[in-house]
Amino acid sequence: MVVLVPPDVPDPVEVSEFTRLFKKYRDRSRYSQAALAELTDVSTKTIGNWERGSVLRPRKKTLELFKSAFSLTDEEYKEFVAAARKTRSEDKPSIIVRRLRRAADKLAYEVGRNLKYEEERQGLHDPFSLPVSWQTVKTAIADRKENTLGTTYDPPLDLDGSLPQLTETYRRIPSGRLVVLGGAGSGKSVLAMRLARELLADRGPDEAVPVIFRLGSWHPRTELHAWLATQLENDHPDLLRPMPDRSTTAAALIASGRILPVLDGFDEMAKGLHSAAIKRLNLHAGPLVLTSRTEEYAADVADPVRPLVSRAAVIELEHLTHGQFAGYLLQSAYPPDRWQKVLDAIKREPEGRLAKVFTTPLMVSLAHEVYGGDRDPTELLDKEFSTAESVEQHLLRTLVPTVYRDQPEGAQYEVERARHWLGYLARHLRSLGEQDLAWWRIGGSLRQWERMLVLAVVLGIGFAVLDATTMVLMGFEPDRFVAGVAIDISVGAAFAVAHVLLARFRGAAFEPSRMRMRLRGRPTRAWGDLARRFRLGFAVGFLLPLGLNIVNAIALGLGGVLDVGGAFAFALVNGITYGLPAAICGGFVFAAIALLERPLDFTSVRSPAELVRASRRTLLGQMLIFGPVLVVALPVVYWAEVILLRQLPFGIWSWDAGLAITLGLYAGTYGPIGYVLAFTGWGQWLVFGRIWLPLTGRLPWTLPAFLEDACGRGAMRRSGAVHQFRHALLQDHLATAYSDRP
């Protein structure tokens with residue numbers, strides 16, 4: 001068994017065949033390094049390097065000198081020459097292989113640490129793990145035996161077992177491909193977590209690192225390896241470091257087979273995507289583990305026309321028996337007999353409503369939690385709980401009041417408030433069709449007009465306060481104050497319009513920064529990345545002046561100063577004239593930011609809160625560096641534009657140095673602020689998650705602390721850089737309750 005070690009433990013030194021033979025023959029000849037150097041006219045340093053294995057391929061004449069010095073036989077000399085002529089890749093792991101080994105070892109340590117932490121927070125061993133077991137599926141939804149085993153002569157593959165045999169069961173599958181089926185709440189996700197932890201604890205050198213991926217966010221139009229690499233990079237930004245072929249370390253780990261994908265929640269994918277997803281999975285030739293609800297998986301693969309997961313063994317989790325859940329409840333209860341009446345009633349009616357509910361680990365653990373205090377479990381025998389569904393809904397409904405009951409008087413998270421906030425988050429995830437609560441998408445379920453209005457107000461007020469403070473300190477006249485505030489509000493509206501247009505164009509949320517700013521070190525961005533950043537900066541820089549002029553034109557048109565045609569011409573000409581220089585500056589600034597970005601290390605983003613802080617630090621560094629750059633660059637580009645426009649045979653193009661400097665100051669101040677709030681994941685989190693949604697009562701002011709508190713209480717859980725509800729059933733229940741509430 002190999003024990004996980006911290007990632008700073010050095011790799012063992014590998015000795016080449018040439019080094020081994022050289023040391024053997026020198027020891028036999030009893031020459032010191034100095035004496036051998038004098039005899040062969042080879043430096044002592046070179047001899048030392050050969051014995052350390054850092055220099056290969058000595059010249060033929062040098063080998064002949066050593067043949068004489070070591071008194072080698074013809075057979076020994078032939079072996080000696082063959083060892084010397086081996087290439088570095090044949091004799092010693094290449095730099096790429098060593099880098100991938102170190103990256104895999106670091107990832108294994110970090111994944112194991114996070115899994116252990118989440119198991120403890122979810123109380124999966126309190127007081128002990130439920131005795132889950134499974135049976136082998138041999139129906140048409142499993143691939144043929146000869147495909148799974150790779151031969152037609154081996155005996156049938158029997159994988160029936162229980163938790164103690166989990167790792168042994170998986171290692172008996174020749175293809176390493178396993179599908180885990182079960183009903184809602186049957187323990188599929190917990191089994192996946194348990195399997196990943198045990199494989200990590202038993203991981204040997206160069207074995208793949210099991211990593212859990214939630215399939216709910218995957219669309220099969222994205223190639224599986226590319227999606228897996230993106231998920232790894234999101235949770236472990238250190239894997240963004242480029243390899244010699246300019247791919248990321250995450251992509252190289254996946255391509256080299258050093259990642260074992262544990263794909264959890266196949267049934268959580270949007271309906272209609274399952275067949276395409278299975279086709280993509282079958283293109284992945286290596287091992288994998290897939291979990292799904294039985295009904296959803298069977299419905300997609302039972303049709304002979306549709307594909308199934310090739311070369312994969314299939315197991316299905318069994319229902320808990322009366323003895324299994326009775327033993328768990330009795331041993332975890334105090335006093336021990338508090339569950340006895342309920343268990344006796346279940347024993348009398350083995351097909352009754354309570355017997356159906358207690359066959360799944362989720363409902364048993366909810367019952368254990370809900371009735372772990374002063375509450376009497378015999379209330380489950382009341383007539384109001386006449387069906388299994390009513391019992392399940394009761395347990396789900398009672399969970400939040402139960403986990404928030406132990407609080408001091410005047411607590412910040414009162415039960416009703418906590419239920420309301422959790423319900424809003426659940427409905428937010430339902431509207432997005434996801435189960436991963438990403439903090440940077442906290443405003444994603446709001447309507448576009450609401451997002452645009454909120455951004456315009458926040459930015460307009462912020463700019464106006466900043467502008468007014470400057471004017472008061474400099475003693476400007478009141479009329480200039482009113483005009484300045486009007487411009488500030490227009491600029492805020494322009495940023496809001498650009499935000500909506502860019503969000504539509506991108507088709508995705510603004511992601512948080514997983515980079516840090518460093519002036520030293522080699523750039524980690526490929527030319528393609530720099531080109532994409534330039535295009536993004538160009539678009540932002542062009543849209544902002546265009547949006548500002550559109551807003552001003554609308555104001556002039558409504559005020560009767562210009563007619564419709566004049567307002568349109570005003571917006572178009574001024575938008576292009578001021579937009580092109582701003583676009584050029586924006587493009588180069590965005591590309592320069594990309595050049596100075598370096599991936600965060602493993603220890604920087606172990607939780608969503610740490611990623612929030614890391615993103616904030618990165619954005620602050622970008623603002624401090626490139627705000628002054630814009631102050632200087634924009635007037636220069638405007639001046640160059642005027643020089644070029646003067647070469648045209650029409651128009652009068654004048655250069656106003658004072659106006660250009662003023663525009664540069666505005667761009668260097670308002671540009672970084674607007675960029676952060678309107679076009680970054682952290683800005684969206686600040687505006688919507690920390691200001692607007694708490695202001696409207698939909699979320700608490702201390703949202704980060706609330707989410708961490710909910711994880712500690714067992715209502716939610718952490719998964720890398722995102723949060724999730726304890727179970728999809730709980731999320732659906734809270735979302736429905738929130739929508740039905742007046």
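This is a predicted model: local features need pLDDT of at least 70, side-chain atom pairs count only at pLDDT 80 or more; totals for chains, interfaces and linings use all residues.
Two strands count as a pair if DSSP finds at least two bridges between them.

**Entry 1**

I looked up the strand order and got β2-β1-β7-β3-β6-β5-β4, an open sheet of seven strands with mixed pairing. Which strands stand at the edges? They are β2 (161-162) and β4 (209-214), and each has a single partner strand, so one side of each is left without a neighbour in the sheet.

Then I picked one pair to follow. Strand β3 (residues 177-182) runs parallel to strand β6 (residues 288-293), and six bridges join them. I checked Gly182 too: its bridge partner in β6 is Arg293.

**Entry 2: two helices**

Next I went to helix α1 (residues 17-29) and helix α4 (residues 60-70). Their axes come within 10 Å and cross at roughly 35 degrees. On the α1 side I listed Phe18, Phe22, Tyr25, Arg26, Arg28 and Ser29 as making the contact, and on the α4 side Leu63, Phe66, Ala69 and Phe70. Sorted by class, that contact has seven nonpolar, one polar and two charged residues.

**Entry 3: empty space inside**

Rolling a probe the size of a water molecule over the atoms shows where empty space is left. I searched the whole structure this way and found two cavities of 30 Å³ or more.

The largest cavity has a volume of about 60 Å³. I wrote down its lining: Trp439, Pro608, Ala609, Val612, Trp685, Pro704, Leu707, Glu708 and His723. Which elements give two or more residues to that lining? I found α25 (608-645) and α28 (703-713). The class count for this lining is seven nonpolar, one polar and one charged.

The second largest cavity comes to about 40 Å³. Around this one I listed Arg214, Gly216, Ser217, Glu268, Glu434, Gln435 and Asp436. How many of these lining residues are nonpolar, polar and charged? I got no nonpolar, three polar and four charged residues.

**Entry 4: Gln122**

Last stop was a single residue. Gln122 sits in the loop between α7 (95-121) and β1 (133-136). Why do I call Gln122 partly exposed? Its relative accessible area is 25%, and partly exposed covers values between the 20% limit for buried and the 50% limit for exposed.

I also looked for what lies around Gln122 from elsewhere in the chain. Leaving aside neighbours within four places in sequence, Gln122 is in contact with Met193 and Arg717. The C-alpha atoms of Gln122 and Ala715 are separated by 9.0 Å, though these residues are 593 residues apart along the chain.

Notes. Residues are numbered from 1 along each chain as its sequence is written. Side-chain values use heavy atoms; hydrogens and water are left out. On a 1 Å grid over the protein atoms alone, a cavity is a set of points where a 1.4 Å probe fits but cannot get out, and a pocket is an open set with protein on both sides within 12 Å along at least five of seven lines; lining residues have an atom within 4 Å of a point. Grid points are joined across faces, edges and corners, and a volume is the space filled by probe spheres set on the points. Helices (H or I, at least four residues) and strands (E, at least two) are DSSP runs, numbered from the N terminus. Ala, Val, Leu, Ile, Met, Phe, Trp, Tyr, Cys and Pro count as nonpolar, Asp, Glu, Lys and Arg as charged, and the others, Gly among them, as polar. Axes are lines fitted to C-alpha atoms, for helices over the stretch in contact, and angles run from 0 to 180 degrees between N-to-C directions. Contact means heavy atoms within 4.5 Å. Buried means under 20% relative accessible area, exposed over 50%, partly exposed in between (1.4 Å probe, protein chains only).
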